[in-house]
Amino acid sequence: MSKSSQLQAPPEGVSTVAADGAAAPGERPAGFDEIHRLWLMVNESDNAIIVAGADTRIIHVNHGFTRMFGYERAEMLGRKISETLVGPHTDMQTVQSVLQRLKLAGTHADILFYSKAGRPVWVSVVANPMFDAKGEFTNVVGVFTDITQTKMHEVLQHKVLDAMAHERPMLDIMALVCREVERIAPEVVASIVAVDADGHVQTLAAPNLPPQFCEALDGMPIGPQAGSCGTSAWRKEPVLVTDIASDPLWAPYPALKAMLGFAACWSSPIQASDGRVLGTFAFYFRDKRGPDDLHRRLVDVSLHLCALALEREEARAHIHQLAFFDTLTGLPNRAMLRGRAERTLVDMHRGGAPLAVLFIDLDRFKLVNDTQGHAAGDELLREMAQRLVAEVRGDDLIGRLAGDEFVAVLPHCGAEQAALTAERLLAVMAEPMALGGISVNSGASVGIAMFPEDGQNIDTLLRHADMAMYQAKNDGRGRMRFFSDEMNRIAQERVALESALRDALRDGSLRLHYQPQMECRASHRLLGVEALARWTHPRFGEVAPLRFIALAEECGLIGKLGRWVLGEACRQLADWRSRGVPVPRVAVNVSPHDFRDPELPAIIAATLRAHGLTPADLTLEMTESVMLDTNSPALAVLEEVHALGVRLSLDDFGTGYSSLSYLHRLPIDELKLDKSFVRDLALNPVAQALINTVVRIGDSLSLTVVAEGVETTQQHAFLAERACPVVQGFLFSRPLPADELEKWMQTSRPLGTAVPSIAG
Ligand code: C2E
Ligand code: CA
Ligand code: CA
């Protein structure tokens, strides 16, 4: 307690403080000079020093106090710090906690006080209690150090650098800068925006600006008259706008001004070490004003910190690019590819989905490299990389392992699809390219490994795909091989099936069968027939429609197939009409793919005309997947077809996306309740409820409901009871060739005696 005993020496004119040792007036007691020197020291210190009594009322302040806060000693006597120095942004909690701890021990805190003139002053307060001989608390001595210009910046700097050292995300660091600055200078609101290479701004942090202002700001270009930030980035110098309302720099943005709610803005460019503008750091004020000294210091420090953080971010991105991407082609390198593929494999494993790994090796890269030089070789690799990327789907991965080895990882891809993709890749890579004035034809070989059959992890899959690729090279290059024989067999069969389907479409060996659609109640009138494609191949036998339809979709034959079905169904209906066979209309299945063809309405109109039919004679059945993307051109095509007067029917209703909300927006006339619900009818109350609901929806939206897959009289009875209007299924007839359908029509009524042979 040596400090307190010194300070208890009598200051001039405050002799009451002295407990003992006071000399008589006019006499210089022993040690007076020393005490006087000490006193001078205290009084002339730059720090503000106060002495208060046990009730915290001030009994002395030094000159330093007057210099720091502007209050004369006489003004302060008898008053309390907590009543005089506090202001709008003083943290009263800190003040209270200092006061509370005071009687027990010395305390320290940084507090924002205000001078007599209202100037904010950050002070570091050290307060010490003093006790008399009996140990009673008698006085407080407080020493205030102005840290506004010094320590606050250190705190800011320390916190931000600490965050960087801990690898905190860049956006967090930017928000931290704003928050700290606002804590130190509570009268400002700070914002940091980035400026990209094209000169567009993007808010990085502005914790206390209106969010809609930042959203509106994002993407705006910088320029010579682009508000405060845009202009400051453009000029590469600070821009001060003391009255946003009237300043010409803000004139072009009345909407922004309205959202902002601040009167003034001071913005400074954040510049990289090479002088590039990386962004801006801005202070917004509620009053029409400019920055003071504290603000200038804060901005100085903040600009450095922001530049550091942004440059670090750039460097990090660059290092990431170097570490994980191949510099020549820009494709992911082996490390990146393995990492991503592993994650994709986890997803596939969880969802039980297949995945294919294609190992692609150029066939004549070495030749090009050796004969035409490395520059030509590099060019070839870049070109091949581009072709590969252009050929795959969005979630497929393409990477370059080394030299002329590329890898494609295809999620959700089975063997047939993989074979198809490999064929496409081989085709584009075999196309010649111009290299240094001559045409080079490199070509490639592809090896394929399938997950999960050929390996459970990416390394095994890569190794097996690599082995398969060598097999492909041995077999004569420019081709693909699967790792396993089973897959090779599937792929070969698929290739064979595909060419057989091509032939079938050319030579007309596809057939249509027709299945009756009946009125559910009463008369059991025939309302129409559904045309279903059939294909019997001399070698493959009867191929299931689902199989060859999917194949046609994958290999681009579906358009041709669809046109053939449409033409053949119309020809048949016209033939029945001409011979007086009373088939009211025909329904044709149309693949979602066909609805993307803007020619479809014209083709339909022309086909109907060619056979002398009217649009009302035709129904098109489509599945819900057509509507997956309501923005797609499919909807426009659908509208056009509907406008022709052709009926549209939603097939397999209930199995797909079944968003009832889109039903009323679609130009459809009919719902086909999927056969799985009819099948489950007897056992499953959910299926029953669904049928009830669909019939009611049909009623309210004036849609005809067709129940398909009706196989039993019980199912039929249930549907009749629920007033489902139309039924279709084996109970009435299998899909039949045209001539058999005619015979069925002659023998099938009345129902009950009507189920003819199950052949068909
Ligand atoms: P889909 O449009 O749902 O056709 C109804 C399927 O249900 C037909 O199978 C039909 O034979 C079968 N079916 C009819 N009644 C019953 C029954 O009582 N019980 C059961 N279990 N099944 C019944 P199919 O002929 O094998 O056709 C399968 C799918 O292939 C069709 O489903 C359709 O999506 C597609 N498809 C058939 N022909 C064509 C076509 O020409 N073009 C297009 N794009 N797709 C077609
Ligand atoms: Ca159908
Ligand atoms: Ca169906």
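This is a predicted model: local features need pLDDT of at least 70, side-chain atom pairs count only at pLDDT 80 or more; totals for chains, interfaces and linings use all residues.
Helices (H or I, at least four residues) and strands (E, at least two) are DSSP runs numbered from the N terminus, and two strands pair if DSSP finds at least two bridges between them. Strand β22, residues 618–623, runs parallel to β23 and is joined to it by 5 bridges. Strand β21, residues 586–589, also runs parallel to β22, with 4 bridges joining the two; here Ala587 has Thr619 as its bridge partner in β22, while Val588 has Leu620. Val588 is in turn the bridge partner, in β21, of Ala531, and β21 pairs with strand β19 (residues 526–537) in the parallel sense over 3 bridges. Strand β22 is mostly covered, since 5 of its 6 residues are buried, where buried means under 20% relative accessible area, exposed over 50%, and partly exposed in between (1.4 Å probe, protein chains only). Between β21 and β22 comes helix α21 (residues 600–610), and the three elements make a right-handed β-α-β unit; a crossover is right-handed if, with the strands pointing away from the viewer, the path from the first strand over the helix to the second runs clockwise.

The elements β18 (510–519), β19, α19 (545–554), α20 (558–578), β22 and β23 (647–653) each supply at least two residues of the lining. On a 1 Å grid over the protein atoms alone, a pocket is an open set of points with protein on both sides within 12 Å along at least five of seven lines, a cavity is a set of points where a 1.4 Å probe fits but cannot get out, and lining residues have an atom within 4 Å of a point. Grid points are joined across faces, edges and corners, and a volume is the space filled by probe spheres set on the points.

By the cavity rule the count comes to 5 cavities of 30 Å³ or more. The largest cavity has a volume of about 250 Å³, and of the 18 residues that line it, the closest to its centre are Ile50, Ile81, Val98, Leu99 and Phe144. Its lining draws at least two residues from each of β1 (48–53), α5, α6, β3 (107–114), β4 (120–131) and β5 (137–146), and the largest share, 4 residues, comes from α6.

The loop between α5 (81–84) and α6 (92–102) holds Thr90, which is buried because its relative accessible area is 9%. A polar contact is a pair of N or O atoms within 3.5 Å; within protein, one must be able to donate a hydrogen and the other to accept it, and residues adjacent in sequence count only if both atoms are side-chain atoms. A polar atom of the Thr90 side chain lies 2.8 Å from the backbone nitrogen of Gly87, and one lies 2.8 Å from the backbone oxygen of Leu112.

Asn62 is found in the loop between β2 (58–61) and α3 (63–69), and counts as buried because its relative accessibility is 0%. The backbone oxygen of Asn47 lies 3.0 Å from a polar atom of the Asn62 side chain, and the backbone nitrogen of Ile49 lies 2.9 Å from one. Leaving out residues up to four places away in sequence, Asn62 touches Val42, Asn43, Ser45, Asn47, Ala48 and Ile49, where contact means heavy atoms within 4.5 Å.

His295, in helix α12 (residues 293–324), likewise counts as buried because its relative accessibility is 0%. The C-alpha atoms of His295 and Ala185 are separated by 7.4 Å, although these residues are 110 residues apart along the chain. Not counting residues up to four places away in sequence, the residues that His295 touches include Ala185, Trp266, Phe283 and Arg289.

Technical notes. Residues are numbered from 1 along each chain as its sequence is written. Chains are lettered from A and ligands numbered from 1 in the order in which they are written. Side-chain values use heavy atoms; hydrogens and water are left out.
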